[in-house]
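Student: Please show me how to read the features of a protein model, one at a time. I would like the general idea before each case.

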There are 2 protein chains.
Amino acid sequence: MLNPYEQRMKYRDNTESGTTSGVCDGYLQTNMITLPSEYAFEFLLFCQRNPKACPLVEVLEAGQVTPRVADADIRRDLPKYRVYKDGKLVDEPLDLMEYWQDDFVTFLLGCSFTFERALNEAGIGLLHQQMNKVVPMYQTSIPCESAGRFQGNMVVSMRALKKHEIAEAEKITAEYPLAHGAPVHIGNPEEIWIEDLHNPDYGEYTPFDEDERVPVFWPCGVTPQYVGLNVKPRIMITHAPGHMLITDRPE
Amino acid sequence: MLNPYEQRMKYRDNTESGTTSGVCDGYLQTNMITLPSEYAFEFLLFCQRNPKACPLVEVLEAGQVTPRVADADIRRDLPKYRVYKDGKLVDEPLDLMEYWQDDFVTFLLGCSFTFERALNEAGIGLLHQQMNKVVPMYQTSIPCESAGRFQGNMVVSMRALKKHEIAEAEKITAEYPLAHGAPVHIGNPEEIWIEDLHNPDYGEYTPFDEDERVPVFWPCGVTPQYVGLNVKPRIMITHAPGHMLITDRPE
């Protein structure tokens with residue numbers, strides 16, 4: 001197994017560009033959201049007010065490209081990115097060199113991939129990993145606390161667990177506040193206004209036996225992206241869903 | 001005893017303007033720092049990076065004057081304020097009506113007064129309360145994490161305790177992260193470059209018997225003010241030391 005630095009170099013030179021789920025197990029992974037500095041205060045406040053959906057790992061000040069949590073260049077060392085202009089997706093590049101500006105502020109947020117290994121180690125298998133799919137994610141009716149222009153509802157990720165696994169999964173994931181913590185909802189998706197589990201808003205559906213398994217929902221790091229886009233910033237850059245920054249920090 | 005709202009009305013109409021130490025016991029008190037919005041991101045980041053010195057209770061967005069933690073007008077309901085222009089103290093008014101601008105962002109930070117009652121209830125008497133003085137505060141050599149233009153060393157408050165009280169005080173105050181938490185230093189002030197306890201940088205010296213008592217130092221909410229002034233903002237407004245916002249929230 002490669003260490004995080006070696007793995008990031010594969011992303012840097014584009015020899016790999018796939019999902020980071022299950023890669024470099026044991027190391028903290030983060031979401032990335034980059035915004036022009038004019039949005040930075042409101043967005044930082046949004047994270048501070050919504051710590052479950054937006055667990056802050058690190059903030060890179062205007063123009064900074066190297067974090068503390070990884071000996072990395074955030075413009076190149078994630079496998080894939082998304083670039084939005086005026087709220088619309090315009091590109092899904094492998095690096096950001098043509099887009100980077102000196103006034104960009106970057107927020108690294110925790111990610112639920114970080115607790116997946118802990119679940120695996122407790123004997124809880126995860127269908128999306130077994131099927132090699134990006135975990136399914138859904139918009140909901142759960143409101144976030146607003147901050148300035150940033151407002152909207154929480155996006156959640158879903159993992160369908162066997163009934164006897166649920167209590168253990170709640171306990172384990174509650175130990176990972178930087179990875180969103182404990183589930184925000186268990187069972188009936190309609191209660192949080194998810195109409196159709198088969199059609200996730202992000203990621204890919206994982207079929208499951210409804211007699212055997214129950215859908216369990218965690219706050220998801222796509223939330224700040226989704227909320228950010230409501231603002232229609234002139235430019236916003238994020239990791240592509242499922243394609244995180246792998247840091248040098250152990251979980 | 002007046003409730004917080006009634007007490008704040010005395011500050012609003014200027015019938016009282018003294019220190020809030022020991023006033024409305026049982027209710028959370030906060031520091032207040034107001035800055036033009038151009039500094040807000042860096043200052044919020046400074047608080048997030050220095051949670052012991054700057055425990056964030058609430059952030060009021062640009063122009064907001066009423067917090068959630070108190071049914072108050074922050075421009076009038078503290079007993080006394082300090083106004084700084086270009087880093088220099090220019091006024092110590094009883095209200096801010098002549099200074100207020102729509103782009104002001106206000107940060108309410110926790111304050112060590114909040115744990116003083118808990119110490120009293122544990123039988124730990126505090127000399128500054130007995131002498132009716134503002135607690136002494138000192139600049140130190142303990143560096144803060146910088147954020148943008150905001151950088152500098154921690155300011156601490158000092159309470160001289162009897163030797164047998166120290167362990168209990170550490171335990172009690174550690175339960176109050178919003179009031180700076182546990183002490184940051186105990187005993188010999190020179191180790192943190194405090195040269196002369198008799199000459200605090202803020203507040204008032206409380207004489208004590210050095211055979212009986214040991215100086216104990218906590219992070220202090222003057223820190224962000226002190227650090228803020230290094231930046232020489234065109235205007236910065238704070239509570240006057242010892243003259244806090246008394247909120248409606250129980251401790």
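Student: In which sense do S6(A) and strand S7 (residues 153-162) of chain A pair, and over how many bridges?

Tutor: Helices (H or I, at least four residues) and strands (E, at least two) are DSSP runs, numbered from the N terminus, and two strands pair if DSSP finds at least two bridges between them. Here the sense is antiparallel, and four bridges link S6(A) to S7(A); within S7(A), A:Val156 is the bridge partner of A:Tyr138. This is a predicted model, in which local features need pLDDT of at least 70, side-chain atom pairs count only at pLDDT 80 or more, and totals for chains, interfaces and linings use all residues, while side-chain values use heavy atoms, with hydrogens and water left out. Residues are numbered from 1 along each chain as its sequence is written, whereas chains are lettered from A and ligands numbered from 1 in the order in which they are written.

Student: What is the strand order of the open sheet in chain A, and why is one side of S6 and of S8 left without a neighbour?

Tutor: The order of the four strands is S6-S7-S9-S8 in chain A, with antiparallel pairing. Strand S6 (137-143) and strand S8 (185-186) of chain A are the edges and have a single partner strand each, so one side of each has no neighbour in the sheet.

Student: Which helix lies across S6 and S7 of chain A?

Tutor: An angle is taken between N-to-C directions and runs from 0 to 180 degrees, with axes fitted as lines to C-alpha atoms, for helices over the stretch in contact. In chain A, helix H6 (residues 222-230) lies across these two strands and runs at about 150° to S7(A).

Student: What order do the four strands of the open sheet in chain B have?

Tutor: The order in chain B is S6-S7-S9-S8, and the pairing is antiparallel. At the edges of this sheet stand strand S6 (137-143) and S8 of chain B, each with a single partner strand, so each has one side without a neighbour in the sheet. S8(B) runs antiparallel to S9(B) and is joined to it by two bridges, with B:Ile186 standing opposite B:Val216 in S9(B).

Student: Where do helices of two chains pack together, and at what angle do H2(A) and H2(B) lie?

Tutor: Helix H2 of chain A and helix H2 of chain B, each covering residues 40-49, pack with their axes 8 Å apart and at an angle of about 30°. Angles under 35 degrees count as roughly parallel, over 145 as roughly antiparallel, 65 to 115 as roughly perpendicular and the rest as oblique, so H2(A) is roughly parallel to H2(B). The contact (heavy atoms within 4.5 Å) involves A:Ala40, A:Phe41, A:Leu44 and A:Leu45 on H2(A), and B:Ala40, B:Phe41, B:Leu44 and B:Leu45 on H2(B). Ala, Val, Leu, Ile, Met, Phe, Trp, Tyr, Cys and Pro count as nonpolar, Asp, Glu, Lys and Arg as charged, and the others, Gly among them, as polar; by class, this contact of H2(A) with H2(B) has eight nonpolar, no polar and no charged residues.

Student: At roughly what angle do the axes of H3 and H5 of chain B cross?

Tutor: The axes of helix H3 (residues 113-121) and helix H5 (residues 166-174) of chain B cross at roughly 135° and come within 10 Å, and H3(B) and H5(B) are therefore oblique to each other. B:Phe115, B:Ala118 and B:Leu119 in H3(B) meet B:Ala169, B:Ile172 and B:Thr173 in H5(B), and the residues of this contact divide into five nonpolar, one polar and no charged.

Student: Is B:Leu126 buried or exposed?

Tutor: Buried means under 20% relative accessible area, exposed over 50%, and partly exposed in between, with a 1.4 Å probe and protein chains only. B:Leu126 has 2% relative accessibility and so counts as buried, and its place is the loop between H3 and helix H4 (127-130) of chain B. Leaving aside neighbours within four places in sequence, the residues in contact with B:Leu126 are B:Glu116, B:Leu119, B:Asn120, B:Arg159 and B:Leu161.

Student: What relative accessible area does B:Gly203 have?

Tutor: B:Gly203 has 37%, which makes this residue partly exposed; B:Gly203 belongs to the loop between strand S8 (185-186) and strand S9 (213-219) of chain B. The C-alpha atoms of B:Gly203 and B:Val135 are separated by 5.4 Å, although the two residues are 68 residues apart along the chain.
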